[in-house]
Amino acid sequence: MMNEYLQAERAQEWREALRKSMKNKDRTAIPRVKMPEVDPEVRSHTYDEVNLGLTEAMAVNESHRCLDCVDPTCITGCPVEINIPKFIKNIERGEFLEAAKALKETSALPAVCGRVCPQERQCESQCFYTLKLKKESIAIGHLERFAADYERLSGHISVPPTAPTNGTKIAVVGSGPAGLAFAGDMVKLGYDVTVFEALHELGGVLRYGIPEFRLPNDIVDIEIDGLKKMGVKFETNCIVGKTISQEDLREEGYKGIFIGSGAGLPNFMNIPGENLIGIMSCNEYLTRVNLMQAADPESDTPVYQGKMVAVIGGGNTAMDAVRTARRLGAERAMIVYRRSEEEMPARVEEIKHAREEGIEFYTLHNPLRYEGDERGRVQRMLLQRMELGEPDQSGRRRPIAIQGDTIWLEVDEVIVSVGVSPNPLIPQTFSGMEVTSWGTIVVNNDTMQTADDMIFAGGDIVRGGATVILAMGDGRKAARAMDEHLKSRQ
Amino acid sequence: MNRIVGKETFSDKVVKFEVEAPLIAKSRRAGHFVIVRVGRKGERVPYTIAAADPEKGTITLVIQRVGKSSEKMCQLEVGDYITDMVGPLGKATHIEHFGTVICAGGGVGVAPMLPIIEAMKNAGNRVISVLAARTKELIILEEQVSRNSDEVIIMTDDGSYGEKGLITTGVEKVIQREKVDLCVTIGPAIMMKFVSQLTKKYDVPTVASLNTIMVDGTGMCGACRVTVGGKTRFVCIDGPEFDAHQVDFDEMLMRLKAYN
């Protein structure tokens with residue numbers, strides 16, 4: 001069905017005309033667009049967004065590169081199955097608002113995805129250019145962002161059509177990417193959807209986790225406003241399992257529950273001195289700065305603004321934290337990572353941006369212990385030098401300590417970013433679901449349904465720690481399956 | 001937004017609020033806390049729930065002016081709204097028939113102790129409450145505590161009310177006099193540390209309710225972490241109550257000064 005729809009769309013006259021308007025040889029000769037960025041020296045002192053977005057001319061030029069393939073493999077790389085050629089070809093013909101509508105057919109958060117998705121590992125990795133031509137892929141992510149931003153700035157924000165309401169109440173636990181994607185699809189199908197959020201602001205990790213220089217809060221607000229206009233209801237300051245129970249939801253007539261409560265439990269390394277003052281989790285650091293706006297002098301929430309800041313870890317969150325520290329005035333902002341740069345899980349773009357902003361990389365170093373002053377404030381850390389051995393289960397080369405080779409590093413703030421565990425609140429307070437020893441909820445991978453047939457789950461509470469777009473993909477999959485499940489019971 | 005429906009000033013420093021929060025009033029149990037934020041630029045601060053009226057849909061918080069955020073809260077009046085309030089958070093107090101239970105509350109810590117005293121009494125325990133404060137006017141809720149206690153001992157640092165001396169003097173007197181099966185203590189960290197040291201000496205199992213720095217209160221940030229029995233635990237989701245004899249109070253005292 002998906003394929004028929006794609007072919008029908010592709011067969012439209014305007015698409016055919018566009019394909020004929022330029023020779024493929026000329027299309028493939030165009031070099032990939034470069035995203036304009038704020039100068040590193042300037043941006044490492046502000047919270048403004050680093051990427052500036054493409055101009056109309058740049059976007060149209062980039063869209064010429066897309067060959068509008070018969071078999072658009074790029075779509076298979078997208079967890080929310082955006083009709084990529086359709087939106088790109090709309091950009092090519094100058095119908096930017098139509099391009100945005102095409103995004104919204106399947107994505108609840110296009111302006112977010114255009115900014116934070118690891119496209120190089122998803123759609124762009126499955127692009128014809130990457131697979132067959134061995135050239136740089138179409139800049140799908142940049143174009144997605146362009147279309148979403150164009151619509152937002154145009155003042156003509158479209159609200160996707162929704163089916164007439166069917167009156168069936170659905171509860172969503174958590175307003176992060178999984179929950180929002182699920183809510184968007186369910187409201188389109190006519191369900192009466194309420195999203196419950198524990199914090200005082202909506203967006204989950206999009207709000208508390210990802211810094212504004214990568215994803216401005218305004219963008220998150222506008223995407224959520226779109227969902228509100230479609231009819232999704234939101235309740236902040238409400239913890240399902242605590243403020244209201246599973247039973248309360250049933251009694252209030254909710255026929256389905258989707259759990260997208262996220263991976264809200266930071267891991268520590270459990271090494272000596274880790275509870276010294278000035279050492280904190282990346283979640284704490286980023287929450288203070290992003291959610292609580294602690295860098296704003298008028299905010300009551302404090303945050304350390306260290307001069308010598310070490311961030312432990314090599315993921316996107318570690319990059320977010322170290323670049324935030326730089327912006328808060330760190331003279332030395334350092335990544336400490338036990339493997340080499342090649343094994344870093346962070347996106348290539350994030351590592352590049354960090355480097356440009358003067359972030360120092362202590363790769364192949366692993367913290368052993370911390371020491372503090374008489375008031376308990378961290379002063380220095382002992383690092384073990386590492387080398388790479390044979391590949392481990394993850395396929396990455398295993399880091400091995402070089403015996404006796406250690407160094408002391410002076411620090412006044414340390415941010416521990418070595419992963420997160422699933423938030424235990426839901427598994428502890430819900431019955432009827434199966435939970436792994438890691439604390440993740442067990443689901444049927446095709447439907448995201450849990451052992452309790454009215455409860456579905458997705459995102460990090462199932463995966464244990466993944467990306468915004470994979471969480472959104474789970475939300476979409478769960479919406480489709482819950483809809484079928486509820487209809488089959490009628 | 002939660003409306004304030006009652007305000008009572010206990011002393012210059014201590015204010016009692018009754019706040020509309022029907023869902024929390026219904027689901028909370030002794031030992032639970034809430035996170036409160038006052039104003040759009042406000043900080044998220046945990047306060048232990050002192051009482052709840054599920055029919056009226058209100059909860060009671062007793063707040064001491066100790067810093068910017070508690071000061072902001074104490075300036076609110078009846079009819080004002082609290083910007084954000086979420087809960088109930090933490091694990092509820094473990095209540096059962098232990099036998100004889102000492103409830104040792106210091107200063108404003110008597111407020112969150114009150115529901116525990118009531119629950120312990122209802123579970124059939126002999127409850128001996130020891131209330132302590134620096135001076136007479138800082139002794140709060142004496143009447144409510146008396147109603148649910150078999151005995152109330154009052155200690156003041158300056159001897160202006162009850163007996164002169166620290167809370168430990170009152171607790172020790174009871175332990176020396178009769179068999180005590182459990183001690184529950186809530187108050188300033190330094191006070192709980194000394195109560196814990198004392199009861200450890202006499203081998204009396206002791207539970208302390210810790211009030212550390214928090215941001216989200218749901219396990220997300222780890223600002224509240226403490227060392228209990230050599231392991232790092234989160235006060236917000238693993239606590240707030242822990243086996244006091246296992247708590248590293250010195251580390252906790254140090255961490256409480258993180259932003260001072």
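This is a predicted model: local features need pLDDT of at least 70, side-chain atom pairs count only at pLDDT 80 or more; totals for chains, interfaces and linings use all residues.

Author: Two strands count as paired if DSSP finds at least two bridges between them.

Take strand S1 of chain B, residues 2–9. S1(B) pairs with strand S7 of chain B, residues 81–82, in the antiparallel sense, and 2 bridges hold the count. One bridge to look for is that of B:Arg3, whose partner in S7(B) is B:Tyr81. S1(B) is also joined to strand S2 of chain B, residues 14–20, by 5 bridges, and these two strands run antiparallel. Here B:Gly6 has B:Glu18 of S2(B) as its bridge partner. With 4 residues between them, S1(B) and S2(B) form a hairpin. In general, strands of a sheet pair through backbone hydrogen bonds, either parallel or antiparallel.

Chain B also has an open sheet of 3 strands, in the order S4-S3-S8, with antiparallel pairing. Its edge strands are S4 (45–48) and S8 (84–89) of chain B, each of which pairs on one side only. On average, neighbouring strands of this sheet are turned by 25 degrees against each other, direction ignored. Strand S3 of chain B, residues 33–37, is joined to S8(B) by 4 bridges. In one of the pairs, B:Arg37 has B:Asp84 of S8(B) as its partner.

Next comes the contact with the other chain. Chain A contributes 42 residues to the contact and chain B contributes 41 residues. Between them the two chains bury about 3400 Å², of which 54% is on carbon and sulfur atoms. Of the area that chain A buries against chain B, 21% comes from A:Lys242, A:Asn275 and A:Asp300, more than from any other three residues. The rule finds 4 salt bridges across this interface. The side chains of B:Lys41 and A:Asp296 meet in a salt bridge, at 2.7 Å from N to O.

Last, the nonpolar cores. The largest has 92 residues, and A:Ile84, A:Phe87 and A:Ile259 touch the most other members. Helix H20 of chain A, residues 468–488, gives the most to this core, with 9 residues. Apart from this core lies another, of 59 residues, whose members include A:Leu276, A:Val336, B:Ala132 and B:Met191.

Methods: Residues are numbered from 1 along each chain as its sequence is written. Chains are lettered from A and ligands numbered from 1 in the order in which they are written. Side-chain values use heavy atoms; hydrogens and water are left out. Axes are lines fitted to C-alpha atoms, for helices over the stretch in contact, and angles run from 0 to 180 degrees between N-to-C directions. A nonpolar core is a set of buried Ala, Val, Leu, Ile, Met, Phe, Trp, Tyr and Cys residues joined through side-chain atoms within 4.5 Å. Buried means under 20% relative accessible area, exposed over 50%, partly exposed in between (1.4 Å probe, protein chains only). Contact means heavy atoms within 4.5 Å. Buried area is the accessible area (1.4 Å probe) that two parts lose on being put together, summed over both.
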